[in-house]
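Here is a quick tour for someone meeting this structure for the first time. Take a look at the sequence and the model, then read on.

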Amino acid sequence: MATSRVRKRNFQQVSRPVNVVLNMAAMLVSIVCVFPFLFVVIISFTDEMVLARNGYKIVPEAWSLDAYRYIFKTGESLLRAYGVTIFITVVGTLISLVFNTLYAYAISRRSFAYRKFFSFFAVFTMLFNGGMVPTYIVVTQLLHLQDSIGALIWPMAVNAFFILIMRTFFVTMIPDAVIESGKIDGAGEFQTLFRLVLPLALPGLATIGLFSALAYWNDWFNALLYIENPKLVPLQSMLMRIESSMQFLMQNASNSSISTTILTEMPQETSRMAMVVLATGPIVLAYPFFQRYFVQGLTVGAVKE
Amino acid sequence: MLSRSFKRFRQNKMLLLMVLPAAIWFVLFSYLPMAGSVIAFVEYRYDSNGFLSSIWNSKWVGLRNFEFLFQTSDALIITRNTVLYNLAFIVLGLVLAVALAVLLVEIRNRRMSKTYQTAMFMPYFLSWVIVGYFVFSFLSTSKGLLNQLTSWFGLDALNWYAEPKYWPFILVFIYLWKFVGYNSIMYLAAIMGIDGSLYEAAMIDGAGKWKQIVHITLPQLTSLMTILTLLAVGRIFYADFGLFYQVPRDSGLLYSTTNVIDTYVYRGLKTSGEFGMSTAAGLYQSFVGFVLVITSNYIVRKINKDNALF
Amino acid sequence: MFKNKRMLAVGLTAMLGGTLALSGCSSNNNANNASNQPAPAEESSNANAPAAETKNEPVELIWYTIGTPQKDTDKVMAEVSKYTADKIGVTVKMTQLDWGDYSDKMKVLTASGTPMDILFTSSWAFDYVQNARKGAFLAIDDLLKSEGQGIQGVLDPAFLEGSKVEGHNYGIPANKELPALEVWRFNKTLVDKHGLDTSNVFSLESLEPLLKTIKEQEPDVVPFALNKDYMPVVPYDYLISNLPMAVKLDTTVYKVVNILDTPEMKQALKTMRAYYKAGYVSPEAATITSLDDVQKAGKWFIDRAATTPFADNQWSASLGYPVVSTPASESVVFNWSVMGSMQAISANSKHPEEAMKFLNLVNTDPVLRNMIDSGIEGTHYKMAGDNRMENLPDSKNYDMPTFSLGNVMLTFLNPGDPDNKWDEYKSFNGAGKPAPTLGFNFDASSVTNELAAIQNVKGEFWAALMTGTVDPDEYLPKAIEKFNAAGLDKIIAEAQKQLDAWRASK
């Protein structure tokens, strides 16, 4: 079975010339996408003065680590911030996978009597939102989450968009026969889901897992709203704070009090780029982990038939 | 009657249990705060006894907070811009994301394919502020790369930030550049999930690669395409603030093609910071999206029940 | 219809309220039972709960202020609290919110009724006038008389007069530079190199020969560095900063006009256009937000800034090369310059008297003021003379923006500061002439829609006109027309009405 599968996949491949064309197209797009990122890395290691004088150059006249030094100095607890971010990303992604998948699976089931209601219930939250202040009040005064790690996790635990994507995956990828077979075996709903359905839906899980990991990793807004304890500030929020304060002071440089009392020695542009490097480096490296499942799904799916 | 609905409830007990955690979340984090939308109808003033008392004691102004969205000649421009940009994003975004996903699947070398995929994902990580800097370094009049290029060809340097006619293309390009990689992941995953036996059967029938894509891959993706499009339609009155504010650097001369509802509201309320008016703007955007989604969902339902949102 | 909506509002509010009440928080939100019911179990652990207080225990004040959060804030506040508990029976908990976050976060905190006692406000961050009108702050007229005599003693009367909103004081301005004095700043290296004379410079037009020399001889340098926020100095008093409603500085009739329609502004825009065309101004001026890069590289010749005594020294120190300046405007006390830095008492403060006592002490007691400003003696700083201090290495853990925290004239001098620093400040403040609308603050609540519309018109034309990027002959009429279509007329009429009423009441 396995060998025949491999042979068949070879048959399926595109011809060599077409493959070359496809590769070239993909390469072109990739370069356009990666180039600015490369530039970000280069600028982050450029000397601020040289940058101010010459503008962006692929090979700058002088290199420097000042930007990183500045960030490590200003954001003393950079490592701790990494820790917080990693923690909320891992825990948050797991929680969000469980919540979203359960909901999505239920509303994907044709036999679920309240299917339409709960679908609408989710979609409606994508169209209307209560705004910042009411949400803040619920989170702080009803749930008392302020200044706790929960404030960084719970507000993003469920996402109607992910639910709907996952539902689509369930509907299109899981043949009814699989669920029927579960019923015949006498398996309960949960057993059917975990034993039979989820292994088939791995690409879907990987997708929403990746998306919610990214959302947690990149989130700075919840921390801005809910966190005052410096020990609980995640990375993106810390960097965003440094960045927006730099910008604020620059823009108010004509204010006499600010221009004469806040002595600015900030390597503004280079440290902005260094922040991008610090903030995205780890998650870009984690990306292949999710990528694995895009392929695995296919194989598992094939074996299952 | 009562016993029937109770029976129905019992039969669905397990599935209801699955829905429960997220449903509670929706109530707490979405539906409860939604009640706060009532701010849109008052002139919100603080009261020392907290939020509820503030709403209660604020002056009821009816629809006055909505007026600023329709009052001037700008109303037409911002609505037109928002809708047209979103339409371009929806259509081009869909086509390119699907095309890219298909392309990545078909490339023979897995390792290369994965590398491309990672590369195309990178722009998603750059914030609009950073993107704005790059666009500026590219288009700036004095030091910009593009003007250096055109000067080689003996053309005059162009002040890009004063020429509104180019910006629809620039903004659409940048949007696609940033998000197509992200969106194509969903389609890629969906293609991976397509039942392999369908392709086998097609090959036995002698269908070539192109035919397989047209007759198997794309039809299998319609469900996802429809859902994502429906959701995008629901947000057609919302614009990505960063794209339309940071990237054109808030250049006034470009407003005719870059001012959208979100930037208009931001600028309008920057100094007065009226909560009532910003809430009103959001409510208006949501309401239009809601009507459009209900309508288009109704149409989709008529055609294929499975592809509808609800 | 109207009635139904009201019902809807009641329903929604009740829904939100019901759930909040269920969680046991209602005592925070409901005035009627907050004071006379015992705090629920959940709150009794909270040190702030009024029920837990007895007469002898000090009251804890919650203080929100602007600035990068410092590592040692809690440590210093513990010392501060010891001192203030002794003196006036209060302790202090300070929370700092970073520069860029302050306005946004405070907006949410005040709108949601988060408990706090003292908070920073100003004309440039968490806008004082707007928030006073919205009810974020407590009117302190009476408290000032009863608990804040000290403050009245140290502040120039213009501070309290200019920060009145609807005739009431809502915050205590920090005693610092009072008037706004615009100056032309020169890159001294270039001035010396070309032997230029800056002493006769005052008006925008008088810059021309200098700019011309630099343009011709220093092709790499931006002769006139300006960004999108630049506005030529014209002798007018803006009712809302950077919006076109203005009153002439030397007015006797107090007529509100559209600044774009004044001969002074027209002339200035024409000059700016000429400068732009001559290449004195960077072609990107209308789109850049900061001059950081040209200034870091020293590739500029003239720019404009607001000054304070000894500002040249500080600018030179922070840029790393010498900068000199000459006046570009009269010295005028505007509403916004008075409101450069203030501390207000929150409208929901449970301890307004104590808060005022504390603010009074901060503004009059050098020991407390310097502790808050520089930290703990021996840890963060050491004395280096009678009224002079020197930072110790640990001062990096407690580096506060002095001007934001109250009376700066009580603070110790830093190494390098001249002995007569504060005397200079006093004479600087004495030289400022009051602006015609000092103490008048426009209430825009009846024209919020028009205001939103003209903000967008402003965005469309302002920077391009002010920097000379576009030809005023063509764009000025267009801008004026669009401003009027957006309702500027109506705003001006409303402002005129309020201004007349204000004058009549004086």
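This is a predicted model: local features need pLDDT of at least 70, side-chain atom pairs count only at pLDDT 80 or more; totals for chains, interfaces and linings use all residues.

## Where chain B meets chain A

On chain B's side of the contact, helix H2 (residues 13-34) brings the largest share, with 19 residues. Sorted by class, the side of chain B that touches chain A comes out at 61 nonpolar, 16 polar and twelve charged residues.

Charges do pair up here too: the rule finds one salt bridge across the interface of chain B and chain A. It joins Asp306(B) to Arg110(A), and their closest N and O atoms are 2.8 Å apart.

For chain B and chain A, the buried area is about 8,800 Å², and carbon and sulfur atoms give 74% of that. Of the area that chain B buries against chain A, Met18(B), Arg108(B) and Phe125(B) supply 9%, more than any other three residues. Counting heads, 89 residues from chain B and 100 residues from chain A take part in the contact.

## A stop in chain C

Now over to Ser446(C), which sits in the loop between strand E18 (433-434) and helix H20 (448-466) of chain C. Ser446(C) counts as partly exposed because its relative accessible area is 40%, between the cut-offs of 20% and 50%. Ile491(C) lies 45 residues away from Ser446(C) along the chain, yet their C-alpha atoms are separated by 8.9 Å.

Definitions and conventions: Residues are numbered from 1 along each chain as its sequence is written. Chains are lettered from A and ligands numbered from 1 in the order in which they are written. Side-chain values use heavy atoms; hydrogens and water are left out. Helices (H or I, at least four residues) and strands (E, at least two) are DSSP runs, numbered from the N terminus. Buried means under 20% relative accessible area, exposed over 50%, partly exposed in between (1.4 Å probe, protein chains only). Contact means heavy atoms within 4.5 Å. Buried area is the accessible area (1.4 Å probe) that two parts lose on being put together, summed over both. A salt bridge is a side-chain nitrogen of Lys or Arg within 4 Å of a carboxyl oxygen of Asp or Glu. Ala, Val, Leu, Ile, Met, Phe, Trp, Tyr, Cys and Pro count as nonpolar, Asp, Glu, Lys and Arg as charged, and the others, Gly among them, as polar.
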